[in-house]
Amino acid sequence: MGRARTRLCYLFGVSLKKKIAILPGDGIGKEVIPQAIRALEAVGAPLEFTSFDWGADRYLTDKTTVPPDGFAMLGRDFDAILLGAFGDPRVPTNIHAKEILLGMRVEMDLYANVRPVRLLDGRLCPLKGVEAKDIDFVVVRENTEGVYGDVGGVFKKGTADEVAIQEDINTRKGVERVVRYAFEYAANHLRLDGSPRQNVLMCDKSNAMTHAGGLWQRVFKQVGSEHPQFKCEHMYVDALCMQMVRDPRQFDVIVTNNMFGDIITDLAAGLQGGLGMAASGNIHPGKTSMFEPVHGSAPPIAGKNIANPFGAILTAAMMLRHLGLGAEAEKIEAAVLAALLAKKTTVDIGGTLGTREAGEWVAQRVGA
Ligand code: NAD
Ligand code: IPM
Ligand code: MN
């Protein structure tokens with residue numbers, strides 16, 4: 001970048017750096033996010049970080065979950081959000097996690113939860129005979145509706161006649177935009193081997209949940225007919241779980257509702273080497289989007305320097321690609337791959353390093 005341009009930007013108060021909001025959150029979120037930042041710093045990406053203390057500690061101190069205007073501020077002042085995880089045994093209601101994480105997804109309308117499932121090293125997969133090249137699919141999870149809307153109620157609480165109702169919200173707009181996103185993702189993202197994506201599979205439970213499933217079926221058929229280059233497939237979620245374990249090679253792009261997407265992406269994380277390896281992005285095209293590892297705050301292993309930071313580091317790479325910094329993203333992904341091949345990893349995936357040491361190895365490799 002020319003000096004004159006830098007000076008002009010300085011004079012007019014324009015920063016050329018992408019502004020990143022950091023929300024480490026609780027538990028191992030506080031350990032893995034610093035390692036993701038280390039990789040981002042090592043790659044020399046033009047980023048500016050601002051940290052926020054939203055989480056259990058803050059909630060227990062002043063009862064704040066999301067500060068007033070919090071989501072509007074994130075959307076207005078930042079290019080992307082990098083988040084750890086929320087959940088703390090000292091807050092048994094989980095109210096802060098609900099308001100911060102689920103609140104952010106809904107209030108910022110981050111409707112597509114994109115969860116790539118890639119086996120970077122065949123040794124990490126618990127399935128027999130599966131090699132790295134065999135697993136390269138993505139789950140696009142609807143992120144703002146379904147049973148997560150928390151619409152419902154309890155009647156005659158605490159009595160023998162108690163009734164609990166949890167509604168499943170599925171809107172035409174909500175289903176259609178996420179299904180469209182899945183087809184667009186398929187069109188715009190090659191497989192790791194450079195070949196084009198070929199099929200989009202919709203996963204539901206329309207044999208039992210006929211109203212919601214019927215809407216998903218109709219929308220998928222309509223949007224699919226507008227994308228004739230893709231083979232459109234369907235599986236019930238129960239059968240899909242079996243197929244994912246029996247033959248994960250068959251999957252390419254999967255689109256599904258909020259809850260099924262949550263469940264099948266933990267199963268899919270198991271194929272990649274566990275929750276410590278899985279990355280995700282919560283996306284609304286054109287708006288400030290949020291990136292987080294798929295795992296939670298893992299209270300039993302928190303504070304012990306044993307959590308795997310690679311899911312968070314790969315999430316940081318995903319964020320870079322989203323921000324148009326693809327070359328930097330590739331460098332970070334290559335460094336994680338090198339760490340796996342050299343067994344410079346945490347114990348959950350067979351190494352001997354701690355969280356910080358594994359992060360340090362990746363950062364050094366990125367900077368080398
Ligand atoms: P979890 O993902 O925290 O842990 C599940 C299992 O995976 C545990 O055995 C844990 O030790 C292991 N694990 C997870 N991440 C790991 C890592 N990076 N390295 C090594 N092992 C790892 O899920 P959980 O136990 O069901 O939930 C714990 C808390 O986290 C709960 O409060 C839950 O609500 C919350 N949670 C938050 C998010 C989020 O904020 N995005 C996601 C999932 C769960
Ligand atoms: C996830 C998590 C969350 C979800 C929890 C913490 C509410 O499991 O991001 O996968 O169910 O969406
Ligand atoms: Mn989950």
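Student: How do the residues of the shell around ligand 1 divide into nonpolar, polar and charged?

Tutor: In this predicted model, the shell splits into ten nonpolar, seven polar and two charged residues. Altogether 19 residues surround ligand 1, and the closest are Phe86, Glu292, Gly296, Ala298 and Asn308.

Student: Which backbone atoms lie by the oxygen and nitrogen atoms of ligand 1?

Tutor: Take the oxygens to begin with. A polar backbone atom of Gly296 sits 2.7 Å from one oxygen atom of the ligand, and a backbone N or O atom of Ser297 is 3.1 Å from an oxygen atom of ligand 1. For nitrogen, look at Asn308: a backbone N or O atom there is 2.8 Å from a nitrogen atom of ligand 1. On its own, ligand 1 has 800 Å² of accessible area, and the protein covers 64% of that.

Student: Now helices. Which residues of helix 8 are buried?

Tutor: Here's the general idea: an α-helix has 3.6 residues a turn, so residues three or four places apart point the same way. In helix 8 (residues 237–246), the buried ones are Val237, Leu240, Gln243 and Met244. They lie on the same side of helix 8, because their arc around the axis is only 110°.

Student: What do those buried residues pack against?

Tutor: Their partners are strand 5 (136–142), strand 8 (199–204), strand 9 (231–236), strand 10 (253–256) and helix 9 (258–272).

Student: And the loop between helix 5 and strand 4: is Asp109 buried or exposed there?

Tutor: Asp109 is buried, because its relative accessible area is 18%, under the 20% cut-off. Its phi is near 55°, a positive value in a residue other than glycine.

Terms used: Residues are numbered from 1 along each chain as its sequence is written. Chains are lettered from A and ligands numbered from 1 in the order in which they are written. This is a predicted model: local features need pLDDT of at least 70, side-chain atom pairs count only at pLDDT 80 or more; totals for chains, interfaces and linings use all residues. Side-chain values use heavy atoms; hydrogens and water are left out. A residue is near a molecule or strand if one of its heavy atoms lies within 4 Å of it. A polar contact is a pair of N or O atoms within 3.5 Å; within protein, one must be able to donate a hydrogen and the other to accept it, and residues adjacent in sequence count only if both atoms are side-chain atoms. Accessible areas come from the Shrake-Rupley method with a 1.4 Å probe; for residues, only the protein chains shown count as cover. Ala, Val, Leu, Ile, Met, Phe, Trp, Tyr, Cys and Pro count as nonpolar, Asp, Glu, Lys and Arg as charged, and the others, Gly among them, as polar. Buried means under 20% relative accessible area, exposed over 50%, partly exposed in between (1.4 Å probe, protein chains only). Helices (H or I, at least four residues) and strands (E, at least two) are DSSP runs, numbered from the N terminus. The arc is that of the directions from the helix axis to the C-beta atoms. Contact means heavy atoms within 4.5 Å.
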